[in-house]
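Please examine the sequence and the structure shown below. The briefing that follows is grouped by topic.

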Amino acid sequence: MELQQMRYVIAVAETNSFTRAAQRCLVVQSALSHQIARLEKELGARLFERTSRRVRLTAAGAAFLPAARQALDAAERAVAEVAATVGEVRGRLAVGLIPTVAAVDVPAALREFHRRHPKARISLGVGASDELVEQVRQGEIEVAFLGVPVTAHPRGVMARELARERLVAVVSPDHPLAGETSVDLRRLSSEVFVDLPAKTAGRAQSDQAFAAAGLTREVVFEVTNADYLARLVAAGLGVALLPPTYVARLTGLTTVEVTDAPARAEYVIWGRAPRTPAATAFLGLLGIEEEEE
């Protein structure tokens with residue numbers, strides 16, 4: 001069994017096509033098909049069901065895929081660890097973040113990381129805070145930037161708090177609240193809201209603040225993407241509560257201070273398992289040298 005055969009299996013599984021997998025792997029299709037057939041013979045089981053219209057994993061293929069990914073990750077980690085012994089950072093740095101992260105200029109940090117370590121590969125994913133915590137726990141990404149209510153703390157990972165800030169109300173320029181200098185939660189509770197999905201960390205601080213004040217509000221529009229959430233507010237569909245440092249980057253919105261606003265804490269998190277050389281180097285660039293809870 002060879003690592004390249006595993007790469008081919010993963011490519012076919014992800015593209016659902018031998019042709020597209022061969023293009024991704026920069027080999028002719030016949031060579032890729034031959035190597036997968038050799039692997040299937042060695043394993044004594046077919047990994048894919050092939051028809052004229054589709055390719056999909058068999059039960060054996062579904063069982064093989066996670067182990068193949070782990071084997072490739074382990075091989076890549078071994079190369080990176082050897083490179084680290086001679087002062088060179090290689091391998092993958094997988095970073096996740098929420099769209100509203102503001103405590104760190106992530107593009108600038110990645111630019112400096114790439115300047116210092118040009119042989120490292122960088123992947124960047126955007127998601128919700130709770131999803132990012134789980135991805136770090138599972139080892140799918142090494143480092144993540146997220147925001148949670150100040151009463152919460154990321155669990156099952158190493159974490160450092162970066163900043164805290166009180167949310168502000170944002171409305172369209174022609175909204176009745178646009179002329180106000182400040183409002184409170186009671187006044188806002190009568191408005192239609194645009195917000196992130198229920199039970200997400202990005203939504204929790206607002207829900208908790210209204211509940212603590214004995215108030216209810218109507219969230220008519222739930223959006224998974226903060227940037228599109230802001231577009232709905234700009235279109236006059238409702239009010240939102242957002243971090244002021246994030247709002248400062250937006251256009252077409254009016255900001256109103258909330259006197260009893262909820263607050264959120266921004267964190268950088270990483271896994272409890274031994275860090276990869278790339279993750280260690282990136283966290284060091286952020287001034288994080290020692291692990292902490």
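The protein chain carries 34 positive and 35 negative side chains, and the centres of the two sets lie 8 Å apart. Lys and Arg count as positive and Asp and Glu as negative, while His and the chain ends are not counted; each charge is placed at NZ of Lys, CZ of Arg, CG of Asp or CD of Glu.

**Basis of the model**
- This is a predicted model, in which local features need pLDDT of at least 70 and side-chain atom pairs count only at pLDDT 80 or more, whereas totals for chains, interfaces and linings use all residues.
- Residues are numbered from 1 along each chain as its sequence is written, and side-chain values use heavy atoms, with hydrogens and water left out.

**Secondary structure and sheet**
- The protein chain has 11 helices and 13 strands (DSSP runs numbered from the N terminus: helices are H or I, at least four residues, and strands are E, at least two).
- An open sheet of mixed pairing has four strands in the order E8-E12-E7-E11 (two strands pair if DSSP finds at least two bridges between them).
- Strands E8 (182-183) and E11 (240-242) are at the edges with a single partner strand each, so one side of each lacks a neighbour in the sheet.
- Strand E7 (residues 168-171) runs antiparallel to E11 and is joined to it by three bridges; alanine 169 has leucine 241 of E11 as its bridge partner.

**Burial**
- Of the 293 residues in the protein chain, 44% are buried (under 20% relative accessible area, with a 1.4 Å probe and protein chains only).

Notes:
Buried < 20%, exposed > 50% of the residue type's maximum accessible area, 1.4 Å probe, protein only.
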